[in-house]
Amino acid sequence: MVRTSSESAALVGRTLVTGSAGFVGAHLLSTLDAAGFEVVGASRAEADLADRSAVVALLRREKIVTVVHAAGRVGGIAANVADPVGFFTENLAVGQAVVLGAHEAGVERLLNLSSSCVYPRDRSRLVEEDLLTGQLEPTNEGYALAKLAVMRLCDWLAATSDDRWYRTLVPCNLYGPGDSFDPVRGHLVSRAIAKVVDALDADASAVEIWGDGMARREFLHVRDLARAVAFTLPLLESLPQALNVGSGEDRSVNGWYEAVAAAAGFGGRFTHDLDRPVGMARKLLDVSRLTALGFTPSTTVDVGLRETITHYRTFCTQAVAA
Ligand SMILES: NC(=O)c1ccc[n+]([C@@H]2O[C@H](COP(=O)([O-])OP(=O)(O)OC[C@H]3O[C@@H](n4cnc5c(N)ncnc54)[C@H](OP(=O)(O)O)[C@@H]3O)[C@@H](O)[C@H]2O)c1
């Protein structure tokens, strides 16, 4: 059955987006709002989302029908390696409080955002059936274990209740305007943009890449993830418990740097620091389930990179701000 956007918005009802001041949450708010959904944000200003009673009070006060859970602690490989305890405990605390708080408040519909880090490290193509069937990548094990625990909470609540449609989307790595370009928190694409643009501004002739650059990574523009959330929210009842969301294509780390260099107009060379951690050799989501539902991403890499470079130049570099 094809629903109109107003029918979808009415079915989904008043929707709370957790982590709404963050990179993904901010895009979710604007995309869902533009698609006609009635959305409310929840950042630290509204509540400590690791406090279950505060979550329950917020959900009741706002008369929330649907929750999209996008709050948590997110970081790049260096941050994850440095603090596995923090990534595990904080993501578990927030996920547990939000999911159990939603259940306690009688919220029937919840879409939890996980991450492709939850897949076993030895698979080249990541299929939903492979979840919890192998060893995790050690460089982000704390984060992944917390994400898996929250996914299972959603599964168990959905399985033991007739009126809890708690599902999880598993997005690949994301990039886009509003991403973190920080050396510790940032991911591959945002860091490549920062390093290449900074090199251009400093007239530097070389940019350093961590590792040999042969590891392969899939990235999706954050707006396409937000569109996927808007697409799946009205379908929660018929969704599988876990659904991958990605572009379906990957590139080597070197390939991402080359694409950023082309989009930014950097003609210098790349060097490699072989002592740095590189993570999994390949992380490519199988998106056939999502494609079969009728969703495809719409932002090309070239357009997405140019837009993100403009954002970095406008909001994040000293040269332009001055
Ligand atoms: N970014 C990616 O590439 C990516 C890829 C796949 C999946 N995801 C998932 O998408 C979600 C959002 O990621 P993101 O990149 O948007 O991260 P982000 O920019 O760091 O946003 C997360 C937000 O959650 C908030 N938060 C954390 N703990 C909180 C608490 N106890 N109470 C209230 N707010 C809290 C943070 O607030 P503070 O800033 O105040 O701490 C932040 O605003 C995460 O679940 C992540 O696993 C992200």
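A salt bridge, as the term is used in this talk, is a side-chain nitrogen of Lys or Arg within 4 Å of a carboxyl oxygen of Asp or Glu. By that rule, a search of the whole structure finds 21 salt bridges.

Good morning, colleagues. The structure is a predicted model, in which local features need pLDDT of at least 70 and side-chain atom pairs count only at pLDDT 80 or more, while totals for chains, interfaces and linings use all residues. Residues are numbered from 1 along each chain as its sequence is written, and side-chain values use heavy atoms, with hydrogens and water left out.

Let me begin with the domains. Domain 1 covers 5-175 + 218-245, and domain 2 covers 188-216 + 250-282 + 299-321; these bounds come from an automatic or database domain assignment. Taken over C-alpha atoms, the centres of the two domains are separated by 28 Å.

How many residues of domain 1 are in contact with domain 2? With contact meaning heavy atoms within 4.5 Å, 14 residues of domain 1 touch 18 residues of domain 2. Between them the domains bury about 1,300 Å², and 63% of this lies on carbon and sulfur atoms. Buried area here is the accessible area (1.4 Å probe) that two parts lose on being put together, summed over both. Of the area that domain 1 buries against domain 2, Ile77, Tyr175 and Phe219 supply 41%, more than any other three residues.

I turn to the polar side of this interface. The count between domain 1 and domain 2 is 3 residue pairs in polar contact, with both residues at pLDDT 80 or more. A polar contact is a pair of N or O atoms within 3.5 Å; within protein, one must be able to donate a hydrogen and the other to accept it, and residues adjacent in sequence count only if both atoms are side-chain atoms. The salt-bridge rule finds 1 salt bridge across the interface. Arg223 also forms a salt bridge with Glu307, and the closest N and O atoms of that pair are 2.8 Å apart.

On the side of domain 1 that touches domain 2, the elements giving two or more residues are α4 (77-82), β10 (219-221) and α8 (222-232). Helices (H or I, at least four residues) and strands (E, at least two) are DSSP runs, numbered from the N terminus. The residues of this side divide into 5 nonpolar, 3 polar and 6 charged. In that division, Ala, Val, Leu, Ile, Met, Phe, Trp, Tyr, Cys and Pro count as nonpolar, Asp, Glu, Lys and Arg as charged, and the others, Gly among them, as polar.

My next topic is Glu128. Is this residue buried or exposed? Glu128 is buried, with a relative accessible area of 7%; buried means under 20% relative accessible area, exposed over 50%, and partly exposed in between (1.4 Å probe, protein chains only). Glu128 lies in the loop between β5 (125-126) and α6 (141-160). Its side chain reaches the backbone nitrogen of Asn244 at 2.9 Å. Leaving aside neighbours within four places in sequence, the residues in contact with Glu128 are Tyr119, Ala242, Leu243, Asn244, Asp286 and Arg289.

With Arg289, Glu128 forms a salt bridge, the closest N and O atoms being 3.9 Å apart. Arg289 belongs to helix α10 (residues 288-293) and Glu128 to the loop between β5 and α6, so the pair ties together parts that are 161 residues apart in sequence. Arg289 counts as partly exposed, at 29% relative accessibility.

Two further pairs deserve mention. Arg152 and Asp155 meet through their side chains in a salt bridge (2.7 Å, N to O). Both lie in helix α6, 3 residues apart, about one turn of the helix. Asp155 is buried at 16% relative accessible area, whereas Arg152 is partly exposed at 31%.

Asp250 and Arg216 likewise meet in a salt bridge (3.3 Å, N to O). This pair links distant parts of the chain, 34 residues apart: Asp250 is in the loop between β11 (242-245) and β12 (251-252), and Arg216 is in strand β9 (residues 216-217). Asp250 is buried, with a relative accessible area of 12%.

Finally, I note two backbone features. Lys63, although not a glycine, has a positive phi of about 55 degrees; Lys63 sits in the loop between α3 (52-61) and β3 (66-69) and is exposed at 65% relative accessible area. Leu132 also has a positive phi, near 60 degrees. Leu132 is placed in the loop between β5 and α6 and is exposed, with a relative accessible area of 53%.

Thank you for your attention.
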